Amino acid sequence: SWNARHCCGYALDNQLDDVGFLSNIQSTLSNEFAFVKPQFTYATGWSNGGFLVMHASELFRGIAPISGFIAGIESELKRSDIHGGKPLFIHQGLDDPFVRSTGCCHDPNLPKCCCNIAADTCTDVMDVARDWAVEVNGCKNDETLLAETSYANKDDGIRCLTSSNCISNTTICTYEHSGHFNQQSFDKAFPMANEVMNFFA
């Protein structure tokens, strides 16, 4: 497990410094290999890993969380005029019973998420993407915000929305029939692996 603010397991319970662990990996590899530059590294993660790449997003040039997302943006990421934004390619199943697209929180009137994942308040994944687009990537908060359909597959229930004219790309893909991408296995259930690699390219 990883310690990613609200998720999960042993790492969270024992407050392991997983952001520091990832930073250490970056530093070690960059010292050993000249072509590895921490400022040019990217991260994708699924489930608990999705929470982690958002929690540790300051370490990466761009991130692609899958079935795991965090509301609330670190203050240093909000200064898009200085750091140039941070690309976000977020993926979430609308029928995910483990990490709800409506967010995971302590509210007794809302459906619970898996594994005791619970923030103080629930924030919908679309609102998370909108906040990131505006506060991190400098998108205009108007009718064009995440209004451009960049990909759609009605048969598979996939829809991707993007904001243009921003400092960096913000794209969210939602999936109507994919759950947590764990049926049969992640590599077979998640249909956008190549698109994630192209997003980072």
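Student: So two strands pair if DSSP finds at least two bridges between them. How many bridges are there between β4 and β5?

Tutor: Five, and the two strands pair in the antiparallel sense. Keep in mind that this is a predicted model. Strand β5 covers residues 158-163, and Leu161 in it is the bridge partner of Thr149.

Student: What sheet do they sit in, and in what order do the strands come?

Tutor: An open sheet of six strands with mixed pairing. Read across it, the order is β1-β2-β3-β6-β5-β4.

Student: Which strands are at the edges?

Tutor: β1, residues 42-46, and β4, residues 148-153. Each of these two pairs on one side only.

Student: By how much are neighbouring strands turned against each other?

Tutor: By 10° on average, ignoring direction.

Student: OK, helices. What does α3 touch in the sheet?

Tutor: Helix α3, residues 48-55, packs on the sheet and touches β1, β2 and β3. Its direction makes about 150° with that of β1.

Student: Is α3 enclosed or open?

Tutor: Largely enclosed by the rest of the structure, because eight of its eight residues are buried. Phe51, Leu52 and Met54 are among them.

Student: What covers those residues?

Tutor: The cover includes α2, β1, β2, β3 and α5.

Student: And α5, which strands does that one lie across?

Tutor: Helix α5, residues 125-135, lies across β2, β3, β5 and β6. It runs at about 170° to β6.

Student: Switching to the inside. How many residues are in the largest nonpolar core?

Tutor: There are 33. The residues with the most contacts inside this core are Met54, Ile63, Ile90, Ile117, Trp132 and Ile172. The largest share, five residues, comes from α5.

Student: Pick Ile90. What is it in contact with, leaving aside its neighbours in sequence?

Tutor: Once neighbours within four places are set aside, the contacts of Ile90 are Met54, Pro65, Phe69, Val125, Ala129, Thr171, Ile172 and Cys173.

Student: How many residues are in the other core?

Tutor: It has 14 residues and lies apart from the largest one. Ile158, Cys173, Tyr175 and Phe190 are among its members.

Student: Tyr175 makes me think of Asp95. Where does Asp95 lie?

Tutor: In the loop between β3 and α5. Not counting residues up to four places away in sequence, Asp95 touches Tyr175, Glu176, His177, Ser178 and Gly179.

Student: Is Asp95 buried or partly exposed?

Tutor: Partly exposed, because its relative accessible area is 37%, while the buried class stops under 20%.

Student: And how far apart are Asp95 and Asn48?

Tutor: They are 47 residues apart in sequence and 17 Å apart in space, C-alpha to C-alpha.

Student: Last topic, the whole chain. How many helices and strands does it have?

Tutor: Seven helices and six strands. From the N terminus on, the elements run α-α-β-α-β-α-β-α-β-β-β-α-α.

Student: Why call the chain as compact as a globular protein of that length?

Tutor: Because its radius of gyration is 16 Å, close to the 17 Å that the globule rule gives for 201 residues. The C-alpha trace spans about 45 × 40 × 35 Å along its principal axes.

Student: What share of the residues is buried?

Tutor: Buried residues make up 46% of the 201. The accessible surface of the chain is about 10600 Å², and 49% of that belongs to carbon and sulfur atoms.

How values were computed
Residues are numbered from 1 along each chain as its sequence is written. This is a predicted model: local features need pLDDT of at least 70, side-chain atom pairs count only at pLDDT 80 or more; totals for chains, interfaces and linings use all residues. Side-chain values use heavy atoms; hydrogens and water are left out. Helices (H or I, at least four residues) and strands (E, at least two) are DSSP runs, numbered from the N terminus. Axes are lines fitted to C-alpha atoms, for helices over the stretch in contact, and angles run from 0 to 180 degrees between N-to-C directions. Contact means heavy atoms within 4.5 Å. A nonpolar core is a set of buried Ala, Val, Leu, Ile, Met, Phe, Trp, Tyr and Cys residues joined through side-chain atoms within 4.5 Å. Buried means under 20% relative accessible area, exposed over 50%, partly exposed in between (1.4 Å probe, protein chains only). The radius of gyration is taken over C-alpha atoms; the globule rule is 2.2 Å times the number of residues to the power 0.38. Accessible areas come from the Shrake-Rupley method with a 1.4 Å probe; for residues, only the protein chains shown count as cover.
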